[in-house]
Amino acid sequence: MVETKREKRIRQLSELLLGEEKVHLKDAAESLNVSEMTIRRDFNEPNILVSLIGGYVVKKQIGAAELEYVINEQSTNHVKEKAKIGQEAACLVFDNQTVFFDNGTTIVHIIQAISDEISFTGVCFSLNVFMALKNKPNCHVILCGGAYDSKHNNFYPLGDSSEIDNIRFDTAFLSAAGIDPAHGLTCYSFNELAYKKRAITQSQNVVLAIDNSKFGVVKSAFICSLNSVDIIISDIDIPAEYET
């Protein structure tokens, strides 16, 4: 069956939500290069993938707590900034490379921006990132397992060894909840640290992909100091104190 233009847009909206809780209607329209009214009209007929609630496109499976969060949320989720970062970072992935992809919504934008023509191995520990990699036709995907952290949608190792120990990376794309000159890179969950830290030590090139809202922010779980990072890609010019 031939996919209609509306069905294609609904599918694209669903793909935009990989790694996202919601996407603002304006950002979704810009990503699909259509008007907001076109997307609103698409929701006049039911579909099984996405809904339009309070000016946001959300997953159909969204729970009651998430729904309340979406309706009450007053700011966007930095979708345009993350898409810009993704386009720039994706240029660092080349044929036959082995690449580590951290968790986080910005990482999903990087994967989506990688050319479908490039053949590479993608290693991850996040279900959202795994789903994005699975959609790349020439990507060999390795999902690092362990116990499942349902709050953050990640796996983490239970022992001292895991699949990642036997892998060396051309590039590791890191995400972080905060970056600070003195306190380095930090995140919310201590469960994330094992895979992040191993990828850093086993990669030839460590790239931090981070939007402007994370600068000057410090969270509880320490990932690494700034001197462990080779490249920082952001939607703004990197402040001088971070470059130093």
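Some ground rules come before the tour. The model is predicted, so local features need pLDDT of at least 70 and side-chain atom pairs count only at pLDDT 80 or more, while totals for chains, interfaces and linings use all residues. Residues are numbered from 1 along each chain as its sequence is written, and side-chain values use heavy atoms, with hydrogens and water left out.

Let's start with the whole chain. It has nine helices and 14 strands. Those are DSSP runs, numbered from the N terminus: helices are H or I with at least four residues, strands are E with at least two. The radius of gyration is 18 Å, close to the 18 Å of the globule rule for 244 residues, so the chain is as compact as a globular protein of that length. That radius is taken over C-alpha atoms, and the rule is 2.2 Å times the number of residues to the power 0.38. Along the principal axes, the C-alpha atoms fill a box of roughly 50 × 40 × 35 Å.

How much of the chain is buried? Of the 244 residues, 48% are. Buried means under 20% relative accessible area, exposed means over 50%, and partly exposed is in between, with a 1.4 Å probe and protein chains only. Now contacts, meaning heavy atoms within 4.5 Å. Take those between residues at least 6 apart in sequence: 64% join residues at least 24 apart.

Next, helix α8, residues 193-201. Its buried residues are L193, Y195, K196, R198, A199 and I200. They pack against six strands: β4 (97-101), β8 (154-156), β9 (171-174), β11 (184-187), β12 (206-209) and β13 (221-224).

On to the cores. A nonpolar core is a set of buried Ala, Val, Leu, Ile, Met, Phe, Trp, Tyr and Cys residues joined through side-chain atoms within 4.5 Å. In soluble globular proteins, nonpolar side chains tend to be buried together. The largest core here has 28 residues. Which of them touch the most other members? They are F100, I179, L185, L208 and I223. β9, β11, α8, β12 and β13 each give two or more residues to this core. α8 gives the most, with four. Apart from this core lies another, of 23 residues, among them I114, F173, V207 and A209.

Look again at I223. Leaving aside neighbours within four places in sequence, I223 is in contact with S175, A176, L185, T186, C187, L193, K196, K197 and I200.

Now H109, in helix α6 (residues 105-113). Is H109 buried or exposed? H109 counts as buried, at 8% relative accessibility. Beyond four places in sequence, H109 is in contact with E20, V79, K82, A83 and G86.

Last, two asparagines. N33 is in the loop between α2 (25-32) and α3 (36-42). Its phi is positive, about 60°, although N33 is not a glycine. N33 counts as exposed, at 72% relative accessibility. N96 lies in the loop between α5 (79-90) and β4. Phi of N96 is also positive, near 65°. N96 is exposed, with a relative accessible area of 66%.
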